[in-house]
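Please follow this walk through the model with the structure open beside the text.

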Amino acid sequence: MRGERAERQPWQGLWLATPTLFWLLVFFVLPLLLVAVVSFMTRAQDAGGMLPFTLQHYERTLGIFSPILWRSLRIAALTTLLCLMMGYPLAFFISTRRSTVVRSLCLFLVILPFWTNFLIRTYAMRTLLANEGTINGILLDLGLLLQPLRLVDNQFGVLIGMVYGFLPFMVLPIYASVERFDFRYVDAAHDLGANDWRAFWRVVLPLTMPGVLAGSALVFIPSVGAYVTPVLMGGVRGLLIGNLIARQFGGSGNMPLGSAMSVVMMSVVLGIALLYWLIQRFTAIADGR
Amino acid sequence: MVVEAGRGAALRNSAVQRDLAIRAVGRWLGLTLTPIFAYAFLWLPILVLLVFSFNESKSVSRLSGLSLGWYEGIFANVIGTGADFSTDEMLESFQNSLFIAGISTFVSTVIGTMVALALVRGRFPGKRILDGLLYFPLVIPEITQGVSLLLFFSILAKWWRAMSGQVIQRGYGTVIIAHVAFSISFVALVVRARLVDMNPNYEEAARDLGANEWRTFWRITFPLILPGVLAGALLAFTISLDDFVVTFFTRGAGFDTLPIYVFGLLKLSPTPAINAISTLMLVLSSLLVGVSLALQGREARTIR
Amino acid sequence: MFKKAVFLLTLLCVPVVLISAHAAHHEGWQCPEGYEGQTLNVFNWSTYIAEDTIPNFEQACGVTVNYDIFESNEAMLAIIRQGNPGYDIIVPSGDTVATMIRDELLIPLDLAMIPNMANVSPDLLDPIYDPGNAYSLPYQWGTIGVGYNTEKLPDGISSWEEVWSHEGPVAWLDDRRSMFGFALLLLGHDPNTADADEIAAARDYLIERSGNVVAIAADDGQVMLERGDVDITIEYNGDILALADECECDTYAYVLPVEGTGLWTDNLAIPVDAPNPALAMVFIDYVLDAQVGADISNYTAYASPNQAAIDQGLIDEEMLMDDSIYPSEETRMNLFTIQESTAEQDELYNNAWDELLIFIGG
């Protein structure tokens with residue numbers, strides 16, 4: 001009967017999908033295709049692209065600009081790692097609170113900063129770390145320092161700013177997966193002679209891996225393309241690829257070069273997303289799902 | 001021999017004890033200290049902002065006396081240097097933000113819910129492609145979305161000007177289009193999750209009782225997925241309200257949203273004034289979160 | 001100090017205006033009729049206008065003004081090139097005016113609508129970058145120099161060499177042509193060179209001396225200086241002098257390095273596709289009014305091109321005497337001006353500037 005209906009209406013529900021299809025194709029995919037095309041064009045006098053086609057923007061992106069690309073990937077990877085190291089215990093801590101009220105409160109304390117404007121949050125971190133900020137001010141007053149520590153306007157500042165900005169993205173998916181985790185598995189592991197460490201590595205971590213992977217993706221992707229945090233925290237030493245791209249569409253006026261940088265960055269991110277998807281597939285198959 | 005065996009056991013014993021001690025410390029470090037540190041990390045900057053917004057001087061490390069001076073500035077319509085900033089303009093930018101978030105949330109919630117229904121209940125060629133397409137806005141970095149739309153709108157405007165001689169101005173329209181483009185996915189994915197969890201027997205029962213599709217949807221499906229729709233809408237609204245990068249590249253002349261305005265303020269205004277504004281914004285958003293959580297809690301209770 | 005004085009004056013003027021509205025109107029600038037309810041979009045540099053300039057214009061003409069800020073000529077130019085998003089007034093520097101005329105990005109001025117053009121100093125009329133003022137009229141002019149914190153540098157500073165070798169955080173300015181200009185000058189080349197090798201040499205010269213650079217200020221160096229993020233910033237004179245003025249302290253100082261530095265003139269112009277060019281001309285006339293122009297310059301601490309304002313004694317005496325605001329002939333001998341930028345120069349300087357950014361701080 002179902003089969004019969006499907007045969008009668010091979011286009012069932014398509015009209016429901018049409019508006020989204022239209023919107024995403026015209027205002028998402030088409031602009032991205034434009035970027036891809038322009039990245040192979042020669043820079044025109046008005047900063048746009050013109051014929052003939054050329055590979056010179058890719059040569060420069062992967063040549064002279066590659067240090068910034070590596071810097072962006074390195075800082076994004078470090079951000080993800082630090083978020084994971086801090087976010088996992090935090091998520092674990094929250095989801096193992098017995099009282100519902102305490103658990104909600106703990107979660108609320110993570111979400112609330114997340115609801116504050118991203119720029120303001122980042123600026124607050126800068127206030128704490130700046131040359132004449134809170135930490136340096138107190139340490140100098142106490143006589144523990146003679147010169148202020150240089151905590152902002154460098155890569156360190158960007159790293160701290162990004163960990164601060166993206167930590168909730170890591171905590172929430174892990175929290176969701178730890179909460180779903182059945183702790184009787186741990187008891188079972190203990191009964192079978194495993195100690196806490198072993199139980200964690202062999203049982204808890206694998207079963208909460210989907211949360212870890214989702215959180216890592218949610219932190220890594222915006223970190224690679226970050227624009228705001230480097231501007232507010234990094235000065236010129238913490239410049240990342242996102243800032244360089246923005247410059248090409250603004251002051252430096254070389255849209256084809258900016259497009260090539262975007263395509264390279266996008267390929268890296270999509271490559272990692274593909275890897276994530278493959279890992280997920282693999283774990284699903286391994287679990288017999 | 002015997003003595004040696006005994007010593008071996010003692011050694012093993014002390015090793016085990018040391019091992020246990022290390023594990024206990026590790027456990028404590030991992031399960032207690034790290035969360036405490038994480039909370040301090042999350043809240044210290046905000047608390048510093050809050051406390052020093054009441055400081056008399058400009059210092060953010062030494063309290064020289066309590067004062068409401070920086071708040072008075074805000075209410076006296078002075079928040080920055082020169083004519084670049086004023087409280088009125090900031091409120092205007094906030095209105096723009098609310099307007100844009102409102103419209104783009106409405107549009108993306110309607111068509112995002114539709115596409116979620118299509119994906120779960122429909123059958124048509126290209127469904128998998130559409131499914132993949134929905135993940136695009138989540139995977140493509142914001143900066144790429146921003147510059148690609150900038151390129152798109154600028155080419156479109158030039159083409160239109162050459163064709164018709166009319167000038168397209170960027171502003172509400174372009175920003176809303178961009179916000180809808182990245183919001184649809186969030187709504188669709190949240191609603192889809194809800195639809196997948198839903199028991200299809202209810203719908204079939206309604207149809208068996210003679211209800212047409214339209215009636216089935218409004219009487220059965222919609223009330224059941226409503227929490228998902230609301231959650232999706234809330235997510236879309238929050239993201240739109242907070243967006244800086246995409247808005248920055250698609251906005252028009254003299255057109256600010258709150259984040260765009262705040263960005264200018266952060267660059268050009270004295271620190272304590274910003275602290276005071278941030279504190280007010282923080283209070284406002286906590287109230288919003290509190291109210292929405294309270295409403296959700298009440299809804300959860302009534303359903304049970 | 002000046003700001004407060006201006007503010008007090010405005011405050012005092014309000015009752016007078018209210019009591020004798022007619023008399024007061026004859027004194028000040030009068031808006032031509034027929035613009036009520038219209039909108040004007042102004043795109044200007046940050047901290048570059050007096051607090052009441054815009055509100056007064058809105059009141060005089062019954063119009064609404066949207067005011068936006070940009071941080072560099074290049075950033076403004078990029079936005080106009082992508083299709084004017086709706087600005088009626090922009091404020092490019094001389095060389096950028098030339099570029100924009102070349103690329104047909106400006107609308108010619110109807111000088112008949114701007115009688116206050118007569119107030120502009122003859123020295124600044126008919127400039128090389130815009131013969132006959134067909135497209136632009138001067139807004140303000142000034143120098144680029146070094147702003148520094150006197151508490152961090154008690155011995156002061158006088159040369160570029162000392163900026164490069166300072167042991168503490170320094171901000172440069174996101175004004176590539178001027179920054180390369182300094183390097184070219186110090187290397188003994190023409191600051192306006194179009195020679196690729198000389199530009200590359202200037203780039204390397206700057207990279208070698210960037211060890212203490214933490215930020216490339218987007219026209220906000222004075223804020224970094226005030227917040228203590230840097231000890232030294234390269235900035236436009238008015239931004240530093242207004243800061244020194246506002247804080248009523250001796251913490252901030254501005255110097256023109258002895259080796260020489262840049263001189264610039266910013267101009268009011270109307271970009272193509274401006275929605276309301278007629279009102280834009282009215283606004284230009286308003287800004288060139290002696291009193292309005294004097295208020296702007298007294299507030300922003302830049303030099304006024306408004307000879308009438310100077311002659312009528314409307315410009316603050318102290319500022320007129322200040323060599324870093326109105327440089328003497330002798331000082332001006334040591335200053336270079338960026339001339340027109342060809343398309344090839346644009347590309348060379350832009351590429352070199354981006355490459356320089358990568359290597360600062362490794």
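**Domains, helices and a chain interface**

In chain C, 19 residues of domain 1 are in contact with 19 residues of domain 2, two residues being in contact if their C-beta atoms, placed from the backbone, lie within 7 Å. This is a predicted model, in which local features need pLDDT of at least 70 and side-chain atom pairs count only at pLDDT 80 or more, while totals for chains, interfaces and linings use all residues. Residues are numbered from 1 along each chain as its sequence is written, and chains are lettered from A and ligands numbered from 1 in the order in which they are written.

On the domain 1 side of this contact in chain C, the elements that give two or more residues are α1 (2-19), α5 (94-102) and β4 (136-149), where helices (H or I, at least four residues) and strands (E, at least two) are DSSP runs, numbered from the N terminus. The largest share of that side, 4 residues, comes from α5(C). By class, the side divides into 9 nonpolar, 7 polar and 3 charged residues; Ala, Val, Leu, Ile, Met, Phe, Trp, Tyr, Cys and Pro count as nonpolar, Asp, Glu, Lys and Arg as charged, and the others, Gly among them, as polar. The domain assignment, with bounds from an automatic or database source, gives chain C a domain 1 of 2-141 + 265-321 and a domain 2 of 142-263 + 328-359, and the C-alpha centres of these two domains lie 27 Å apart.

Helix α4 of chain C (residues 73-81) is mostly covered, with 8 of its 9 residues buried, a residue being buried if 20 or more other C-beta atoms lie within 10 Å of its own, exposed if 12 or fewer, and partly exposed in between, with C-beta atoms placed from the backbone. The buried residues of α4(C) include C:M76, C:L77 and C:I80, and the buried residues of this helix pack against β1 (39-45), β2 (64-70), β3 (89-90) and α5 of chain C. After α4(C) comes C:G83, whose phi is positive, near 110 degrees.

Two packed helices are described by the angle between their axes and the distance between the axes. The axes of α7 (residues 176-186) and α8 of chain C come within 9 Å and cross at roughly 95 degrees, the axes being lines fitted to C-alpha atoms, for helices over the stretch in contact, with angles from 0 to 180 degrees between N-to-C directions. That makes α7(C) roughly perpendicular to α8(C), since angles of 65 to 115 degrees count as roughly perpendicular, under 35 as roughly parallel, over 145 as roughly antiparallel and the rest as oblique. In this pair, C:M179, C:F180, C:A183 and C:L184 of α7(C) meet C:E198, C:I199, C:A202, C:Y205 and C:L206 of α8(C), a contact with 8 nonpolar, no polar and 1 charged residues.

Helix α8 (residues 196-208) of chain C also packs with α16 (residues 343-359) of chain C, their axes coming within 10 Å and crossing at roughly 25 degrees; α8(C) and α16(C) are therefore roughly parallel to each other. The residues of their contact divide into 10 nonpolar, no polar and 2 charged.

Between chains, 67 residues of chain B are in contact with 70 residues of chain A. The largest share of the chain B side, 16 residues, comes from α1(B), and that side divides into 48 nonpolar, 12 polar and 7 charged residues.
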